[in-house]
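This briefing walks through one protein model, topic by topic, for a reader who is new to structures. Please keep the sequence and the 3D view open while reading.

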Amino acid sequence: MNPNEQYSEQSGISAARGPNSLSEQRPETGDGMKRAAAKQMIERYYYQLTDGCGNEHCQNKDCASCPTFAFQEKSKNELAVKAIDLFKEKAKLCGSLPTKVPRAENAAGPSKLSNEENATTANVVLGGASSSSKAHSGAESSKTAKVFVEEKPSSSKGQTTALFSQQSTCNVIKPIPTPAAETINYLTEEKVIKLIKDCEGENSWSKLIRVIGATFNNADSLIMSFRRNDHNISDHGNVVTEEKGDERVSAIRSDVSSCDKEVSYSLDLEAVRRTFKALMKIPGLPYQGALVNALSSLSRNVEMELRYRRPMEQNPNYINIFLIVMEIPLDEHEELLENSFPEFCKALGHMNMSGQAKLARIWSTFGDDWLMQKTRLLHQVITMKIAQNHGRWGRVYQLNEDEGIAGSTKVMKILFYASIIGGSMDPDSVLAEEKETNESEESLQDMLQGGAVGHEPKDLNKPKEDPLANELRVSVLDCRRPLVPYDEFVNELLNEYVDIEADYKNKMENKFSFMNHSFILTTASKHTCMYIDNRVRMYNERRSSILNTLVRGLPPIPFLRLRVRRDHLIDDALVNLEMTAMDNPQDLKKQLIVEFEGEHAMDEGGVSKEFFQLVVEEIFNPDFGMFTYNEHTRQFWFNPTSFENDGQFTLIGIVLGLAIYNSTIVDIHFPSVVYRKLMGKKGRFEDLKDLDPTLYASLQQMLEYEGEDLEDVFMQPFKIGYKDVFGCDLTHELKEKGADTHVNHGNRQEFVDLYSDFMLNKSIEKQFRAFKRGFNLVTNESPLRMLFRPEEVELLICGSTHFDFYDLQKSTEYDGGFTVDSPTILHFWEIVHEFTEDQKRRLLQFTTGTDRVPVGGLSKIKLIIARNGPDSDRLPTAHTCFNVLLLPDYSTKEKLKDRLEKAVDYSKGFGML
């Protein structure tokens, strides 16, 4: 780099830092002003030591531009200490460093803008005078920008017309004198291309460096840059001209009005992308340093604007800043990605909900490739931040406290909702119908919850809905296929380091919490979040029970206690639950304690697991008549012609809710549409594929048939036939006079929709409404719907189907004298790995109380194998409440296998050991 170019790069960096530095804009009083002034002076000394003043003939030995600079070998930390010493000594400062910025205020002072208050119209006239240099000297020409401010009374509406400052004050910035400082107020594609060609011709990138530094440091310059042809500022880039002030007022108001649409913006996006593409072709990217410093300064200023003012409301074009910066090819600028971009994300995180919603709507139109690329860049920032602080994470310093991680997660949330609203959404008519149904069900649910006999109504502490989702009027459940798959938003490394307990506490204290950004969490982490929330709720119910005992003299009922007989399991369980639901539904949210009559066992979880397993086996027995079983899909479905009353289905819903609430996995085989319906969605044609693949294929064939003889080929009226649980034939007309209306090309979509709606919704409406009501009695205050999608709820209830016993082996601990290298332990795992899948299921049932794999895999089961004495003929035993397997130290592998198989095959019941 030649001397002039080096000088200009330093000037560009100074320009990036100087004009809008945070310390210059923040008003201070008293001691605060003194501290701010001292901080500013120390910063100036530091920049003088690191960047210099830009004058290659500087004689100040404390300036990096001086040829005899004495601190060239010093580190940045040492220079920072030196800057403090220079401040104490009141050493000389070079004149070309940033100077104090005066502020011009109107008579009203720096008050916030209001449409009903008096404002001023800032007429900014930019001019420049240039002087040419002699050819033999090689010196570059210079131009000095002069800024004049003239205040005029505004119209009665009080609208501001200044785009440089969205306040009632106007910052007058004394420009830094730099060689060949060409007056450029905003960027266009043509200006940048011309500037690149000029710099190539002069073999110096100094002009480009200064322009990049100055423009990306100034929010107002970016707002005006890269406008579409129908959103031009003026012929010369000035905000308002003296000659045409009134006409420009009208033009700017029209410009602002045009940006009020949900997805409209004044930016020429393609021009921005072409410009950055041209910049990326420059060898060595000489402007990168200026861009990094400028973006850092811009981020701090924008953050202050977003936190303490309302720039988005005053000028909708303010959003152009974020659109432009997000188009920077960050993957090619590692320094920018590492240093400045996290600061920008932090600033963007302070944007109000309406601004974030508008960004999400705009970004949703950019396509899946763009969203995927930006999502991965944000993951890269988060991963980099975690790796940089490896070893610090723990009780003292949490991931939530890192502003770079928090800011990147907030920006990713906007991208997440952009992917949702840009994906395949349910039709508006379906969403409106779902909303009406859910509201009516919720009102009935609240009446049941608060109308318990003998108890005062209790305010329900329902989870708050996501504010961005409310602003967008959208739910994650409304989207069938997002632009970016859900798994792409999960950060595995973050889930390894995040402390869920501390994160839950942050959520309760309304601090930044990953629970409010659950898209970034794995299903296992979200399960832990809900487990903690459920336990806290159980403790609160226990405390309330004790308080009622002390204050009102009521009998203490700290737990939901069920005493059942094995041979009358269903009758005893359902009667107890029905009485509890009628008396006080809130008791269902207490910790469940199950006792089998005649069996002495303390329920620490294992007894409850067996209780749920036995209840599910009996309830879903086809002979019971409440559910039908599909041999092909091996799934159960509600019997539309069941003779059981609504109360029975309500109680089954309570059982399912209790299983989730008490973190118990149950062996229930429902199609996925059941979990969508539990979350408030309606079943649609796509869901029919999981319930009845044969019927789905037939209807899909009808939709895809292109022949003109469709009516003759299918001969299908709007009347369908089906069988009840006893095999009797039943018919149903899908609409009025359906038997006389045949399916043709014009109405086949209507037929498919009506058929699907009947099979998935209307035919089981009565049974499912009661089932859902019981489920909600337990889970209505749970963060279930906030954290999980329907497919995750299915995994939560049923567990995984992947049996990886090698994961279980890695996570198993040993006690009582056994170690990982003990012969009995080595023989045990050799035998287990040779088991069939059915034998592995029974072993899991024997040791943990359930044959289901928990969320996150078998590694989440903390199995303990303890030595239970020396070699003997005793069978292995297990404490299912604590996942402990008691294993005698058998002498041979054959004996171990024989005793283990007998214990697994013939185990049933509980006893006190």
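With which residue does Asp426 form a salt bridge? The partner is Arg676, and the closest N and O atoms of the two residues are 3.9 Å apart. This model is a predicted one, and the points below begin with the whole protein before they return to single residues.

**The protein as a whole**

- The protein has 913 residues, of which 51% count as buried, and its secondary structure comes to 36 helices and 16 strands.
- When contacts in the protein between residues at least 6 apart in sequence are considered, 75% of them join residues that are at least 24 apart.
- The accessible surface of the protein comes to about 43900 Å², and 49% of this surface belongs to carbon and sulfur atoms.

- Side chains of opposite charge can pair when their charged atoms come close.
- A search of the whole structure finds 50 salt bridges, and the pair of Asp426 and Arg676 links distant parts of the chain, since the two residues are 250 residues apart.
- Asp426 sits in the loop between strand S5 (424–425) and helix H17 (428–450), while Arg676 belongs to helix H25 (residues 672–678).
- Asp426 counts as buried because its relative accessibility is 3%, which is under 20%, and Arg676 is also buried, with a relative accessible area of 11%.
- Another salt bridge brings together the side chains of Lys526 and Glu792, at 2.8 Å from N to O.
- Lys526 lies in helix H21 (residues 523–552) and Glu792 lies in helix H32 (residues 790–798), so this pair ties together parts that are 266 residues apart in sequence.
- Both Lys526 and Glu792 are buried.
- Lys895 forms a salt bridge with Asp873, and the closest N and O atoms are 3.2 Å apart.
- Because Lys895 lies in helix H36 (residues 893–905) and Asp873 lies in the loop between strand S14 (864–867) and strand S15 (877–879), the pair ties together parts that are 22 residues apart in sequence.
- Asp873 counts as exposed because its relative accessibility of 57% is over 50%.
- Salt bridges that share partners join Asp426, Glu434, Asp478, Arg480, Arg676, Lys681, Arg684 and Asp687 into one network.

**Patches on the surface**

- A patch of negative charge on the surface is where Asp331, Glu332, Glu334, Glu335 and Glu338 gather.
- Glu338, one of the residues of this patch, lies in helix H13 (residues 334–348) and counts as partly exposed at 35% relative accessibility.
- Ile546, Leu547, Leu550 and Val551 make a nonpolar surface patch of about 440 Å², and the place of Leu547 is in helix H21.

**Residues with a positive phi**

- Asn510 is a residue other than glycine, yet its phi has a positive value near 60 degrees.
- Asn510 is found in the loop between helix H20 (500–508) and H21, and it counts as exposed at 67% relative accessibility.
- Lys737 also is not a glycine, although it has a positive phi of about 60 degrees.
- The place of Lys737 is in the loop between strand S12 (729–733) and helix H29 (748–760), where Lys737 counts as exposed at 57% relative accessibility.

**Buried residues in loops**

- Is Val666 buried or exposed? Val666 counts as buried, because its relative accessibility is 4%, and its position is in the loop between helix H24 (646–661) and H25.
- Leaving aside its neighbours within four places in sequence, Val666 is in contact with Phe612, Val616, Leu656, Ala659, Ile797, Cys798 and Arg852.
- The C-alpha atoms of Val666 and Asp851 are separated by 8.8 Å, although the two residues are 185 residues apart along the chain.
- Ser65 lies in the loop between helix H3 (30–50) and helix H4 (76–89), and it is buried, with a relative accessible area of 17%.
- Between the C-alpha atoms of Ser65 and Cys94, which are 29 residues apart along the chain, the separation is 9.9 Å.

Terms used
Residues numbered from 1 in each chain as written. Predicted model: local features only at pLDDT ≥ 70, side-chain atom pairs only at ≥ 80, totals over all residues. Heavy atoms only, no water. Patch = residues over 30% accessible without salt bridge, like charges linked within 9 Å, V, L, I, M, F, W, Y side chains within 5 Å. Areas by Shrake-Rupley, 256 points an atom, 1.4 Å probe, with all protein chains shown as cover. Salt bridge = Lys/Arg side-chain N within 4 Å of Asp/Glu carboxyl O. Lys, Arg positive; Asp, Glu negative; His and termini not counted. Charge placed at Lys NZ, Arg CZ, Asp CG, Glu CD. Helix = DSSP H or I, 4+ residues; strand = E, 2+ residues; numbered from the N terminus. Buried < 20%, exposed > 50% of the residue type's maximum accessible area, 1.4 Å probe, protein only. Contact = heavy atoms within 4.5 Å.
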